Amino acid sequence: MNLEVGIRWMELFNEKVQNEKDYLTQLDTPIGDSDHGNNMSRGMAHVVEAIEEQKPENLNELLKLVTTNLLSKVGGASGPLYASAFMGMMKAEAAGEEWATILKAGLENIQMRGKAEKGDKTMVDLWTAVVEAVSKDELTHDLIDEAVEATKPLKAKKGRASYVGERSIGHIDPGAYSSGLLFHAMLEAEAE
Amino acid sequence: MEKTGIVVVSHVREIAEGIQRLIQEVAADVDVQVVGGVNTHEVGTSFDTALATINNSSADNILAFYDLGSAKMNLEMAIEMSDKTVKIYDVPVVEGAYTAAALLQTGVDLENIEEQLREIQIVK
């Protein structure tokens, strides 16, 4: 990962979020509060705009800019959770860690904020699978899709979906899906 | 003694305003700052509004109450960015804020307020 790939990563993530905004909201309707599409769409639009305006000069500046914009512009639970992820990554990057360790730091910060464990049917499930795969250099688009799909049979134990208990079973978790978009974008940016 | 105030973060403006109205009945002298919703009429919470509400308080020591989980996360992020001492309580938002305000108004110390709040703690 470097600044150019990082910027491309955010651009591609933004495109995916805008394209799938309605689907994200649709996922969030039966088990959430129907705001995930709008929230992520607004937040990522601001991120891309801020990158163009402020022109970060290195990867750390980029991660910082992403953090502050997601924190202020996304709202809901996704704002603090995604911002925590990028804040953790920013700190690990500043410490000179490898990319797999940087992503792991992102996951740890999400868990610190949201208190979710693997299997709670949240974005943590997706991040856990991705971090493990990246550390073995085995991340693929299929692996991401499988990890997203794997949230479907689970019963939600954290987040807004936990309020509907058993009825969350059979639905893909919206946060896991949007995190899936994030990592699809990362793979595409890295491949370009 | 350091001044103690109350902050309430809700997903809905009317809930926040309703709680404030309720509290004023028993605690006219307590600094109670509330925020509900985002962009005036939308349902939701945000880091920016949580931080602004904490900063609006004239108190340096704050007891914070919230309705649903994401309000808590935004409050936690805001606390990290604020110089004030803020503690969040996992209690029903109406009963919790009301109890704390009523006790603050009558000069009950923090230790006893916290003991009362522990009794109404819920998983949220």
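This is a predicted model: local features need pLDDT of at least 70, side-chain atom pairs count only at pLDDT 80 or more; totals for chains, interfaces and linings use all residues.
**Exercise 1. Work out which strands pair with β1(B), and in which sense.**

Start with the strand itself: β1(B) covers residues 4-10 of chain B, and six of its seven residues are buried.

Next, look for its partners. Strand β3 of chain B, residues 61-66, runs parallel to β1(B) and is joined to it by six bridges. As an example, find Val9(B) and look across to Tyr66(B), its bridge partner in β3(B).

Now turn to strand β2 of chain B, residues 32-36, which pairs with β1(B) over five bridges, again in the parallel sense. Here you can pick out Ser10(B), which stands opposite Gly36(B).

Finally, trace the chain between these strands. With helix α1 of chain B, residues 13-26, β1(B) and β2(B) form a β-α-β unit that is right-handed.

**Exercise 2. Compare Lys121(A) and Asp137(A): is each one buried or exposed?**

First, some background: most residues other than glycine have a negative phi. Lys121(A) has a positive phi of about 65°, and Asp137(A) also has a positive value, near 60°.

Lys121(A) sits in the loop between α6 (99-114) and α7 (123-135) of chain A. Asp137(A) belongs to the loop between α7 and α8 (141-149) of chain A.

Third, count neighbours, remembering that 20 or more C-beta atoms within 10 Å makes a residue buried and 12 or fewer makes it exposed. Lys121(A) has 28 other C-beta atoms within 10 Å, so it is buried. Asp137(A) has 7 inside 10 Å, so it counts as exposed.

**Exercise 3. Describe the annotated span of chain B.**

Start from the record: an unreviewed UniProt entry gives "domain: PTS EIIA type-4" for residues 3-124 of chain B.

Then turn to the model. That span is 49% helix and 18% strand, and its end C-alpha atoms lie 28 Å apart.

Definitions and conventions:
Residues are numbered from 1 along each chain as its sequence is written. Chains are lettered from A and ligands numbered from 1 in the order in which they are written. Helices (H or I, at least four residues) and strands (E, at least two) are DSSP runs, numbered from the N terminus. Two strands pair if DSSP finds at least two bridges between them. A crossover is right-handed if, with the strands pointing away from the viewer, the path from the first strand over the helix to the second runs clockwise. UniProt positions are given in the numbering used here, feature names are shortened, and annotations may be inferred rather than shown by experiment.
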